[in-house]
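Please open the model in a viewer and keep the sequence panel at hand.

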Amino acid sequence: MKKVISVILAMLLLVMSFAACTKPDDGKTTTPPVTEAPQVTEPAGESKGTIAVVSYVTSAPYFAFGKSVAIKAGEDRGYDVIWTGTPEVDTPGLIDIIDNLIEQGVDAICLASGDTSSVVPSTKKAMERGIKVVSFDLDIEAEGRDAYAGLMDLAELGIPQVESLVASIGEEGEYAILTGVLTNEFLNSRIDYVTEYAEEHYPGLKLVTIEGQNEDPDEAYAAAQNILTAYPEVKAIMSNVSTGVGPISRAIEDAGKIGEVYACGQSSPNLAKPGMASGACVSAILWDTAKWQEWAVTIAANLIEGVDMPVGKLDIAGFPDAERIEGNTFYFYETFYFTPENINDFDF
Amino acid sequence: MSTPLLELKNISKSYSSVRVLNNINFSVVPGEVRALVGENGAGKSTTVKIIAGVEQPDSGGEIYYNGELIHKMTVKHSLELGVSVIYQDLSLFPNLSVAENIVKGSEKKFFVGLNTYKKQASAVLESLGVDIDTSLLLSELSIGKQQLVAIARAMYSEAKLIIMDEPTSTLSSTEVELLFDVIARLKESGVCIIYISHKLDEIFTVADSITVLRDGEHIETGAIDTFDQEKLIKLMVGRELRFVPFHGTDIGGSGTTFSVNNFTLEPYFRNISFDVREREVFGITGLVGAGRSELAQSIFGIRKASSGEIFLGGEKISISHTNDAIQAGVCYLPEDRRTQGLLMGQTVTRNTTSANLRGVSNKASLISGQKEKKVVEEYIERLAIKLPSIESHIERLSGGNQQKVLISRWLNAGPRVLIVDEPTTGVDVGTKQEIHRLLRELANNGVFIVLISSDLLEVLAVSDRVLVMRNGNAADLVETKSASQESIMEKSLLG
Amino acid sequence: MTKLIKYKKREMILVLVLLLASFIIYSISPQFVSSVNIINVFNNNALLGIMSLGMMMVIVTGNIDVSVGASFAVCNMVVAAYANNTGGKNPFVAVLIGMLVGAALGAVNGIFVTLLRIPAIVVTLGTMNIFRGILYFITEGRWIEGLTGPFLGFANRRVLNIPFAVYMWIAVIVITYILLYRTRLGRNVLASGGNKEAARRAGIEPNASTLTAFIYLGILTGLAASLSASKLGIAQPSNGLGYEMTLIAAAVIGGTLFSGGTASIFGTFLGMLLLGIIDNGLVLARVPLYWQDLVTGLIIILAVASSAFQSFSKVRSRRKTIKIEGDPACQD
Amino acid sequence: MPRLNKKIENLGLILLFVVLFIFFAFSSKHFASLTNIMSLFAQMVELGFLTLGMAVSMLSGGMDLSIGALGSLGTVLLAVFIGQKGWPLLPAILLVFLLMLLAGLLNGFLVAYLKIQSMLATLGTQSLFTGIGLVISKGITVRVPEESMRIFGRHLVFGVIPFQILLFIPVVIAVGIYISRSISGRQIYLVGCNEEAARFTGINVKRTLMKVYLLSAAMAFFAALVFSSRISSGRADVLNSKVLETVTAAVFGGVSTLGGVGTIGGAVLGVAIITIVSNGLDMMNVSQFLQQVIVGSLLLITLALRNLKGKTSPFVALRNKVCRRIQ
């Protein structure tokens, strides 16, 4: 008998802990000055529906930065926004979240997936239920989404990275690429485009190696150092993920190779600032990840409302050179080229 | 009479309704060697644990040390007062060095000087007249040497009261002599010793006085000369009981035998041959380290003998794994019940049927609950096993009942040969008798019984012939009717 | 000398495996033995090396801590937040705070294990999710970057060309040696790992040893986390993912047994070094990216299999006698 | 009385499941819809298969950390044979099943014959299996044409019941009977409880442990089958993130990490509870970060309560200790 009582006791505790966390949190423990946006926002008027923004690794700053912007974008259009996703790379978890969102009957799902095909069956089910599916960051197979809210053509995405490399070391020299999780297709396809573009336009550039680090700064630092020792003549280490340039610059500084070897490629501005200050990095590129999420929410809202978006130039507030390509693909072409001069007027 | 060093006043103790100690009162004075005697289950171990602070007495019990009342005797407190216990299982640390084992528990400083420990430990060992390299790991020593390390540890802690629980069970006779000189020396320096042993002859040589416990009650305390062996056994057992001999009748009936021919496995034993005739209980004895358990384990298939054959009823059987042995009907009750026999955390049922799962499964070779229940209940009744329920965990049973469960495990496997290794250690006298009667009964029903035991009384009383082993060799084969305890001991020592 | 060989057999085999691996890598890319690379290998494995000694202490008491990755992330963020707010002026205080937070998290694990008497792997599985979840919830994935002042890079400051973090690793090895072999506390940890009942009878409280071991691992995790923040100038909540498996592998490859009681500081050091050399060697030996996991797995299996052969003779039975205090069964 | 005790414990888990179901049904209007309930049970299947394998290895006193990586390797192999090489379904599935049993044999060999500690051996093979998957798939997700593997993960029998539930239930029953009723199943319990005593009672420990790791590999195969159909592709690390979750589910269901204690039914109930908690919390839009905290504390609370039966509660013991010190 004592056993059963103890189990019921467990449930009471459980119920209380749920109740505590579903109410908008009042008097939580010390919350640092982060803008505390509760999950589900109730705008004053009747909401036009719910848009879910789902990303495959919500603990990565690359996506976390965009949360408040995405929610605000949805609110401005009169939608409730659910910002969710799996904290760490967990494809089965991601698919369960998508299924649960379908069951909740959301109106649109903006999805950043780790690979192009694992989520397709689930998103097709959503589309059959009349839910608008907009992929962003990595485009998934066309049959699995209504629209791709992209930045620019994936091939062209490789170009700024090569330009950043050329801006750092000129048109000759050996370079290495430091990428993220090995099975992330967005990263892998971009490496292919980079190498193709580089071979085509700058034959003098020679790719010596591609090394991996699982978005762990310590690992990135160690990988960069190993590259420096394994390939003494390497001129630049190109980061294929937004978190790479920071640790690479530190590695270059500690190896005393400032001026000889340059960190370049993708980087969020804040991470590149120390590198640019020390001279280890003279050029980095990225895009406004938060704006990308806003772009996805905007496209989703337009699809729900059936706004006509003809192929060609589009005029959408806040996105000056938005364009629609055939195949339901929308680009807003906003990339940044960070240089030591302009790095400080960015903050994300 | 100087004030008593330790005085126990109406100490009682019960574990979940089982009353183990019932209002014990006795006291000891410095410089006295007090023997504490009583059968297994008489409450000796519990009394020791209470003195050492490992257990707390029930309310109302009082402990006086040097005359003053000790409110709460914790382990730390008793160590500070100078109580040091040499437990039966030695309770040492196999993964630490000899030096550390000796010093453990009584170090003073926070920082540890391993070489100072080495010096101090070697000094204590010298005073004991023993030379052991103190930098060796304890696990590298023989059990006999480990016992001496435990004794050295008690001496190192300058204990005023040393309790020795069965200290000589694994010592050679030369080492026993050594122990007695040490006890004499400790006595002169005013240390009080509580000496617990089953070996009555030892008690009469070393003790000044005796306290007898029986079934948790204090029977009598008196000077050594007021006792003789006859009276002591009567007090201990409370009834006229001597080892009733169970010798067999018309041995060798139809001539079929279980024979083992020149079994060898260096360094444990070499060219051992014996055969067990029908209706006979064949004894094997010898000191610890004579290779008896290793011999049994190689017959049973746990170890691989380098040479030798086994014949059962005339035809040769080859055993490479314990399963082949059981299929051929050869069963082995292991010596170390806790780690080799009992399946702790499992129910009595699962412990009983574990050797013959096929026997309790139905046609579709699935284990059926009813069959298991029937088998277990049959053996509970046949061997009179006392237990809360057949589904209770095996560790809730007393030592004697646990052994009975293990025996029923092998009876359930339909044995043609049953080798039992130290079957009655840590078992109360009543169960010991029952086990002996059971072995004889099995022998009479055609099961070849091999009894391995270092308890000479038991070997003499139960087996018909005894193979005495010494350092792995077959020293002698003796008819028990004509032999005496002294002659067998002599053979196992000198060979 | 014979005692050393007989007693330290496992470590000898590990040294052989290390030398073999190094030779193979050296033959492919000679820079492997260059002083720069060797220092890099030590520097890049110093943080995990420091924590592996703490994990060894926990395993010696017969427990395991899988929440160490989460504690690392928590300490990392707290130290970075402090350094960020105070402009990185006093690195010493920052490291102290990291170690205090680590100790607190270790104490939480220790108390749960000793009080609730649940297997440590289960407790730390729970606390892993709790620590990580709360950290994500509070920081919402934001990182802290752009640390400045003396705090930034003090972990990389080099004396005699050896980074500060490597000195800390060596210091922690010495401290762990003293703690384990030279203090009563350490000996009690080893004793209660070897024979819990005997330890209780000798007046040693086994729970105290367990708590000490968890707190010690916490302190070392805090130290490593602060060094990481100083070394990189960045801290992010998803740091430390998967650290627990690497630390357990390093300690156990080095000869620390799960059943508790035996530990080898030199072995754990070698285990960590082996894992470090594999990572470094994969790059130097130009092993293509997709083959790296496969090679790492093979080397771990080979290293473990070879030391398993060595102890083939001893039948290691796991003494798991479940003892219920004060029970009639323990009367005999 | 483990059997009786386990029955009460499993009853408690069922009760907890029902209460959670009711709680979530009230707190979110979409939870109780038929489609969500079906999708809830479908979500249990992958974690369920992997937890079956993990529970069996835990019962034998070990812990198979490579089960996730083996599952991922399975999805890659299935995708390569069916997707790229275009083999018909049956031969491809059989071949992949055999290859994964081979991997199970490797685990078994390392643990049983080389006597390597199970956690450490499978830590090595985890990285080995992921590595093999990476080499085969070059890190890219291998596509499988939509229609070819539809049946296992995306087919609704009678339009309502996901096929994989009908695949999962019989496998659970089969493994449950094998473990609790069959002879070798009982031997797995005894080996997990005390390896040496099991050897002394005639059990072939090596063969038993080989069976354990073969069974674990078979469960990884089923998980791979269902999941690769659900995502109609294969990737080298797709199931790796599930390993610690299976341990949590098994422990929640009463399987002890020390070996020899626990039931298959309990482990499956553990999976059910963890899945309903995450599904229900998703429906209530509770942040994923908080869900991690809730699952962690749920585990600790239940284990602590389960341990309290019989013994004085630790808090009472603490209070006594403190009072004694004050006096």
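**A strand in chain B**

Select strand β6 (residues 83-86) of chain B: V83(B) and V85(B) point one way, S84(B) and I86(B) point the other way, and all are buried. A residue is buried if 20 or more other C-beta atoms, placed from the backbone, lie within 10 Å of its own. Strands (E, at least two residues) and helices (H or I, at least four) are DSSP runs, numbered from the N terminus. In a regular strand, side chains alternate between the two faces of the sheet.

This is a predicted model, in which local features need pLDDT of at least 70 and side-chain atom pairs pLDDT 80 or more, while totals for chains, interfaces and linings use all residues. Residues are numbered from 1 along each chain as its sequence is written, and chains are lettered from A and ligands numbered from 1 in the order in which they are written.

Within β7(B), L161(B) stands opposite V83(B).

**Chain C as a whole**

Now display chain C, which has 13 helices and 4 strands. Its C-alpha atoms fill a box of roughly 65 × 50 × 35 Å along the principal axes. Of its 332 residues, 61% count as buried.

**Where chain D touches chain C**

Finally, show chains C and D together: the contact takes 40 residues from chain C and 43 residues from chain D, two residues being in contact if their C-beta atoms lie within 7 Å. On chain D, the elements giving two or more residues to this side include α5 (118-137) and α13 (288-308).

Note on methods:
A residue is buried if 20 or more other C-beta atoms lie within 10 Å of its own, exposed if 12 or fewer, and partly exposed in between; C-beta atoms are placed from the backbone. Two strands pair if DSSP finds at least two bridges between them.
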